[in-house]
Amino acid sequence: MKKEITRNGVFRYTDMRRPIVRFAYAMMYVAMITICLIMLAPILWVFMSSIKSYEEFTRIPPTLLPHSFELKNIPIVWNEMKFYRYFINSVVVCAGCVLSTLLLSGMLGYVMSRIRPKGAKLVYTILFTTMLIPGTTNLIPLYMTYINFPILGNLSNTYLPMWIGAGASVYYTILFKQFFDAIPMAYIESAKIDGCGMVRTFLSIVLPLSKPIMLVIGVFTFNAAWNDFLMPYLLLKRPETHTIGVVLASADRLPGNQSIIASMFAMIVPISVFCFVQRYIIDNMTMSGIKG
């Protein structure tokens, strides 16, 4: 088993007999561990600082490991800022954004990839070109559209603008299209022979085969919606509708160590979601190879 694993890696089993190859293999591990520690350092610092006392938190030079443990600040910040309410709001926003992205961007990518109506190439070119436009140039038109939305009227103080914006993602539409291009047409033709329409084919055939890309885009969309600040800040005027990103902007009124605790609360959910989903992403990418 050991030989088989090594043979399928970067180096062959016979290469590992050479000292220079073993040294290079060890250096690869050292480099990967170093990069992981550098990426984890800010997260670990936030968690370590959240349990320090205010005096230790403001000490110069700062301490790496906490000398005192102020766990009582955690429930104080949670209750004072009413994080439970904003957690629920953010989860609702993220769930709507993920669902909207998977359905709207997925269906548009499916149309351009497999149905290909007249003008599909032109639409694809236009969509691809819009990615070159800086996002800040769309801010004012988007805001004016949301407060004077056709038929529905003013959408401020609702989560619909965030859901609509997530579903209209050009980047995710292109990712879906590229993935759908790899699905053999035999699956689509078989569904048509069995009497499936376009929507039924998309929901029953294409989506089950697209779990890897759906998980990746779902995680990206969730993290983007959870960390979004600007659009919720502009549109959600009532405090009871605020999300985590908006609430963190007011955390500066708290002492330094307590504002770090607020940041820690905001980090817990994205980290937990990624840790829970990443194994399924790897498993699906490994097991979902499609052969024509």
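1. The model under review is predicted, and the values below should be read as computed from it.

2. L104 belongs to a nonpolar patch on the surface, together with L99, L103, M107, I115, M198, V199 and L203, and these residues have about 710 Å² of accessible area together. Helix α5 and helix α11 (198-209) each supply at least two residues of this patch, and α5 gives the most, with 5 residues.

3. Just after α5, R116 takes a positive phi of about 50°.

4. Which cysteine sulfur is closest to that of C97? It is the sulfur in C94, at 6.5 Å, and this is too far for a bond, since a disulfide is counted here for a pair of cysteine sulfur atoms within 2.5 Å. By this rule the count for the model comes to 0 disulfides.

5. Is C97 buried or exposed? C97 is buried, with a relative accessible area of 4%, a value that falls under the 20% limit used for that class. C275, by contrast, is partly exposed, with a relative accessible area of 48%, because the class of partly exposed residues lies between the buried limit of 20% and the exposed limit of 50%.

Definitions and conventions. Residues numbered from 1 in each chain as written. Predicted model: local features only at pLDDT ≥ 70, side-chain atom pairs only at ≥ 80, totals over all residues. Heavy atoms only, no water. Helix = DSSP H or I, 4+ residues; strand = E, 2+ residues; numbered from the N terminus. Patch = residues over 30% accessible without salt bridge, like charges linked within 9 Å, V, L, I, M, F, W, Y side chains within 5 Å. Areas by Shrake-Rupley, 256 points an atom, 1.4 Å probe, with all protein chains shown as cover. Salt bridge = Lys/Arg side-chain N within 4 Å of Asp/Glu carboxyl O. Buried < 20%, exposed > 50% of the residue type's maximum accessible area, 1.4 Å probe, protein only.
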